[in-house]
Amino acid sequence: MSTETFEFQVEARQLLQLMIHSVYSNKDVFLRELVSNASDALDKLRLAKLRDDTLDADVSDLHIELETDRDAGTLTVRDNGIGMSYDEVGRLIGTIANSGTAQFLKELKEAQEAVGAEGLIGQFGVGFYSAFMVADEVTLTTRRAGEKQGTRWSSHGEGTYTLERVDDAPQGTSVVLHLKPADPDNQLHDYTSVWKLKEIVKRYSDFITWPIRLVGEKDGEGDDGEGDDGETAEPETLNSMKALWARPRDEVSEDEYHELYKHIGHDWREPLETIQLHAEGTFEYQALLFVPSHAPHDLFRQNMRHGLQLYVKRVFIMDDCEALLPSYLRFVKGVVDAQDLSLNVSREILQQDRHIRMMQRRLTKKVLSSVKSMLTGDADKYATFWREFGAVLKEGLVTDPDNRDALLAVASFASTHEDGEAVTLKQYVERMPEGQDDIYYITGESRETIDNSPHMEAFRERGIEVLLLTDPVDEVWVDAVGEFEGKRLRSVAKGEIDLDAREDDKSEDEQKQQAEAYAGLLGWMHERLDDDVKEVRLSTRLTRSPACLVADADDLTPALENMYRAMGQEVPQSKRILELNPDHALVKGLNEAYTEREDRSELADTAELLYTLAVVAEGGRPKDPARFVQLTADRLERTL
């Protein structure tokens with residue numbers, strides 16, 4: 001058969017160089033990754049055979065083999081699973097840019113610690129390439145179940161790889177690693193050593209549901225792989241194959257749980273929380289769930305693959321069953337093993353199955369209950385959870401009204417309270433002063449923008465606590481929720497604000513006189529700015545700034561309008577209300593000039609400038625930036 005040579009893409013070459021000149025202190029993880037790939041291949045073959053019993057594939061003894069050859073310096077990891085076709089090898093192995101390589105490289109540069117860097121290997125689906133940490137040549141031979149011809153892939157990891165079709169390939173995949181010389185100082189061990197392989201399998205892969213067999217050589221005398229009678233040693237199964245989710249919690253160590261999480265979550269770090277559930281009755285199932293300690297890089301990508309592993313009576317069914325948890329819990333990893341589902345269940349059937357819906361409700365409540373336990377019992381763990389997953393959890397306030405109360409109970413928010421700590425809505429209500437009927441909040445792109453917002457001035461001066469909401473979803477859920485414990489959620493940037501009067505506030509007569517004094521200016525500015533604003537009025541929320549823009553109570557915010565437009569929805573451009581601070585020198589001077597002058601042509605530019613300053617103050621962009629700069633420069637020139 002002819003052999004073809006191909007070049008790796010640029011990003012793939014960069015990745016390979018990282019693996020060859022590995023920065024990872026723990027190179028043992030390569031075997032975890034290869035065994036994990038082999039286990040997935042066996043799962044897929046068993047499922048394929050269940051769904052199509054005409055498939056020409058032997059499933060009588062599915063297993064993983066490790067074979068060493070100390071003389072040749074090789075380690076072989078072999079499975080008799082689903083295998084790959086020629087095209088699949090070229091697509092999945094030959095070109096790795098489609099597996100998130102660019103993002104992998106970016107995040108690897110940002111990883112400050114070796115542990116964090118190691119965790120990225122499996123997370124980005126490039127685990128196969130970890131073999132180049134310990135090998136200077138890798139050869140993969142594979143044949144897809146049901147096909148007659150196999151494929152051989154080989155590379156030294158130096159920029160090219162070869163592909164050829166082969167006729168003698170057994171079903172499944174075999175990866176032969178031509179190992180680098182052992183270098184203990186660089187944590188590069190002798191991976192032909194039986195005791196070392198046993199140690200790695202026990203630590204990382206003991207729970208794999210398929211037998212991992214060591215064949216060939218053995219340690220000690222007779223290290224050539226033959227017994228005293230010259231016969232080859234019997235294969236030895238290295239893993240226990242125990243389903244951790246089926247065992248009582250007191251019989252499983254935290255380390256065992258953590259290794260299972262690292263296997264199914266493709267994460268090197270330990271999980272933040274382990275959640276176990278055993279449901280009995282008319283519909284039995286077991287679940288072992290994990291909350292990661294860090295958000296995945298693709299958490300907010302539309303095509304993010306998520307979901308729990310679904311088993312039926314310990315038979316693997318699918319890797320990412322999205323129907324078992326709502327999308328706002330898509331960061332949760334784990335396993336669900338049901339007793340009464342069909343082995344031939346499809347994704348479409350799962351969406352409609354009443355048992356699956358019942359499981360989803362129970363699992364969701366269990367996860368939210370665990371989050372509440374963190375909130376009440378472990379402040380540091382909860383703070384980590386909310387920092388990593390708070391934004392996605394708040395999506396449920398919009399999409400899951402059945403669990404809205406439970407979500408509100410575990411949600412926390414930054415606020416203007418003097419202690420600077422995140423606050424729950426319950427805590428906010430408990431410390432509301434007498435006479436305050438609303439829960440005040442403000443939304444914005446960043447904390448800095450919010451802190452400097454003119455809308456906050458009167459609230460800060462009066463010491464009224466305001467929730468500071470900076471996640472995009474905050475624009476949506478506050479309207480969907482509306483109230484909490486009878487207290488209305490109210491934006492400080494919407495509608496008219498009527499705060500409790502203070503001793504130094506103007507009397508009703510003074511306010512009436514001021515309104516009359518400014519009536520002419522307000523009407524004239526409304527005419528001049530009619531294309532941009534629906535009303536110009538005096539403000540009760542400003543103390544330092546000259547002007548601000550507010551929306552009517554039921555209007556969409558500009559950020560929400562932009563969000564809908566980005567989603568392809570048509571949203572009519574809404575006008576907002578321009579509020580002026582009657583005690584600001586600029587506004588006072590503008591009113592005096594309006595009253596004294598008959599020719600107000602120059603004042604029109606000042607009115608436009610005042611409006612644009614209000615747009616900029618809330619983080620917006622001037623409609624005509626060049627004109628704004630020109631007007632500002634002209635005014636500055638006159639002050640010199």
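Me: What share of the protein's contacts with a separation of 6 or more comes from residues 24 or more positions apart?

Reply: Residues 24 or more positions apart make up 71% of those contacts. Please keep in mind that this is a predicted model. The protein has 21 helices and 22 strands, and 50% of its 640 residues count as buried.

Me: Let's take a single residue. What makes L289 count as buried?

Reply: The cut-off for buried is under 20% relative accessible area. L289 has 1% relative accessibility, so it counts as buried. It belongs to strand β11, residues 285–291.

Me: Which residues does L289 contact, beyond its neighbours within four places in sequence?

Reply: The contacts of L289 include E273, T274, I275, L308 and V367. V367 is 78 residues away from L289 in sequence, yet the C-alpha atoms of the two are 8.4 Å apart in space.

Me: How do you know whether Q309 is buried or exposed?

Reply: Buried means under 20% and exposed means over 50%. With 9% relative accessibility, Q309 is therefore buried. This residue sits in strand β12, residues 308–312.

Me: Why do you say that the side chains of Q309 and D319 make a polar contact?

Reply: The distance to set against the definition is 3.1 Å, and the limit is a pair of N or O atoms within 3.5 Å, so the pair qualifies. Setting aside residues up to four places away in sequence, Q309 also touches I264, F316, M318, G334, V335 and V336.

Me: And R537, what makes that one buried?

Reply: R537 lies in strand β20, residues 533–538. Its relative accessibility is 8%, and the limit for buried is under 20%, so R537 counts as buried. The side chain of R537 has a polar contact of 3.0 Å with the side chain of E579. Among the other residues that R537 touches are G495, E496, L522 and V550.

Me: What does D56 meet, leaving aside neighbours within four places in sequence?

Reply: D56 is in contact with A145, G146 and K148. With K148 there is a polar contact between side chains, at 3.5 Å. E147 is 91 residues from D56 in sequence, with 8.0 Å between their C-alpha atoms.

Me: Now for helix α6. Which of its residues are buried?

Reply: In α6, residues 194–204, the buried ones are V194, K196, L197, I200, V201 and Y204.

Me: How do you know that they line one face of the helix?

Reply: Looking down the axis of α6, the buried residues fall within an arc of 165°, so they line one face. As a reminder, an α-helix has 3.6 residues a turn, so residues three or four places apart point the same way. On the other side of α6, W195 and K202 are exposed. The buried residues of α6 pack against α2, β2, β3, β8 and α7.

Me: Why are α19 and α20 described as roughly antiparallel?

Reply: Helix α19, residues 585–596, packs with helix α20, residues 601–617, at about 155°. An angle over 145 degrees counts as roughly antiparallel, so α19 is roughly antiparallel to α20. Their axes are 11 Å apart, and α19 passes α20 in a left-handed crossing.

Me: Which residues of α19 and α20 meet?

Reply: From α19 there are L586, L590, A593 and Y594, and they meet L603, T606 and L610 of α20.

Me: What makes H266 partly exposed?

Reply: H266 has 30% relative accessibility. That value is between the limits of 20% and 50%, so H266 counts as partly exposed.

Me: Where is E485, and what is its phi?

Reply: E485 is in the loop between β18 and β19. Phi of E485 is near 50°, a positive value in a residue other than glycine.

How values were computed. Residues are numbered from 1 along each chain as its sequence is written. This is a predicted model: local features need pLDDT of at least 70, side-chain atom pairs count only at pLDDT 80 or more; totals for chains, interfaces and linings use all residues. Side-chain values use heavy atoms; hydrogens and water are left out. Helices (H or I, at least four residues) and strands (E, at least two) are DSSP runs, numbered from the N terminus. Buried means under 20% relative accessible area, exposed over 50%, partly exposed in between (1.4 Å probe, protein chains only). A polar contact is a pair of N or O atoms within 3.5 Å; within protein, one must be able to donate a hydrogen and the other to accept it, and residues adjacent in sequence count only if both atoms are side-chain atoms. Contact means heavy atoms within 4.5 Å. The arc is that of the directions from the helix axis to the C-beta atoms. Axes are lines fitted to C-alpha atoms, for helices over the stretch in contact, and angles run from 0 to 180 degrees between N-to-C directions. Angles under 35 degrees count as roughly parallel, over 145 as roughly antiparallel, 65 to 115 as roughly perpendicular and the rest as oblique. A crossing is left-handed if the near helix is turned anticlockwise from the far one by less than a right angle, and right-handed if clockwise.
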